[in-house]
Amino acid sequence: MGFFERNRDDVVAAGYDPSRLPPGQYLTDRFPVLHVGDVPEYAPGEWNMRIFGEVERDFSLTFEELTALPSVEVTTDIHCVTKWSKFDTTWRGVRVRDLFERAGLRQTATHFVGHAEYGYTANLPLADVLGDDALVVWEYEGEAIEPIHGGPVRLLVPHLYFWKSPKWLRGIEARVGDVAGFWERNGYHMYGDPFREQRFWGD
Ligand SMILES: Nc1nc2c(c(=O)[nH]1)N[C@H]1C(S)=C(S)[C@@H](COP(=O)(O)O)O[C@H]1N2
Ligand SMILES: [Mo]
């Protein structure tokens, strides 16, 4: 029996519903670190983010302004395209939906781009960031998000592969029409549903 089959048996033995683990994934307790390039460092007060694009009133938020907004806590599974999954991760943040509501999202908007430091981007259909669990987050397991995991602020879109959740988020953009993000230009799937194993172009 191979590693993936053993891991699936362990998931059942641990009492989890095995249908939570998408095809081709294994469960880990660890929190692997995955990104291209350097971890940005921000001086106090330096970080901010923009809410912009197909909206009536674009605006910026400092860390203090963001974290003063009404926030929610979400406990959810996450799935990386490199095949690790982690169950029951807990995050605190503001719903993307609420930020776009404040900006006056236009009816004409169809897609979304998350913009991170150094030009990393991820694209999504707008509907996928208007649900309850799509958050701009600053806390992981009740603590500030570590810089290597995207702190001070990252995106969380847990129902898609984790590359769709940019670390070091600096902007969220509503758009008319889709545009490929960083990994999407480099062979990764435009949508990225782990339960349909949409890893690469053509999956
Ligand atoms: N800015 C930025 N965000 C990123 C990435 C990246 O390279 N740069 N990698 C993505 C990928 S592929 C994954 S799996 C997750 C990893 O998050 P973690 O390092 O906190 O586990 O971040 C995503 N967000
Ligand atoms: Mo990933």
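A nitrogen atom of ligand 1 lies 3.1 Å from a backbone N or O atom of Ser165, and this is a polar contact, meaning here a pair of N or O atoms within 3.5 Å. Taken alone, ligand 1 exposes 530 Å², of which the protein buries 98%; such accessible areas come from the Shrake-Rupley method with a 1.4 Å probe. The model is a predicted one, in which local features need pLDDT of at least 70 and side-chain atom pairs count only at pLDDT 80 or more, while totals for chains, interfaces and linings use all residues. Residues are numbered from 1 along each chain as its sequence is written, chains are lettered from A and ligands numbered from 1 in the order in which they are written, and side-chain values use heavy atoms, with hydrogens and water left out.

| Residue and its atom | Atom of ligand 1 | Distance |
|---|---|---|
| Leu34, backbone N or O | oxygen | 2.9 Å |
| His149, side-chain N or O | oxygen | 2.7 Å |
| Ser165, backbone N or O | nitrogen | 3.1 Å |

Ligand 1 is surrounded by 18 residues, the closest being Pro32, Leu34, His149, Arg154 and Lys167, where a residue is near if one of its heavy atoms lies within 4 Å. This shell consists of 13 nonpolar, 3 polar and 2 charged residues; Ala, Val, Leu, Ile, Met, Phe, Trp, Tyr, Cys and Pro count as nonpolar, Asp, Glu, Lys and Arg as charged, and the others, Gly among them, as polar.

Where does ligand 1 sit? Ligand 1 sits in the largest pocket, which is to say that more than half of its atoms lie within 2 Å of the grid points of that pocket. A pocket is an open set of points on a 1 Å grid over the protein atoms alone, where a 1.4 Å probe fits, with protein on both sides within 12 Å along at least five of seven lines, and its lining residues have an atom within 4 Å of a point. The largest pocket has a volume of about 420 Å³, and of its 27 lining residues Leu34, His35, Val36, Tyr120 and Trp183 are the closest to its centre.

The second largest pocket holds about 250 Å³ of space, and Pro152 is among the residues nearest its centre. A cis peptide bond, with omega about 15°, joins Gly151 and Pro152.

Note on methods
Polar contact = N/O pair within 3.5 Å; in protein donor to acceptor, adjacent residues only side chain to side chain. Points joined across faces, edges and corners; volume = space filled by probe spheres on them.
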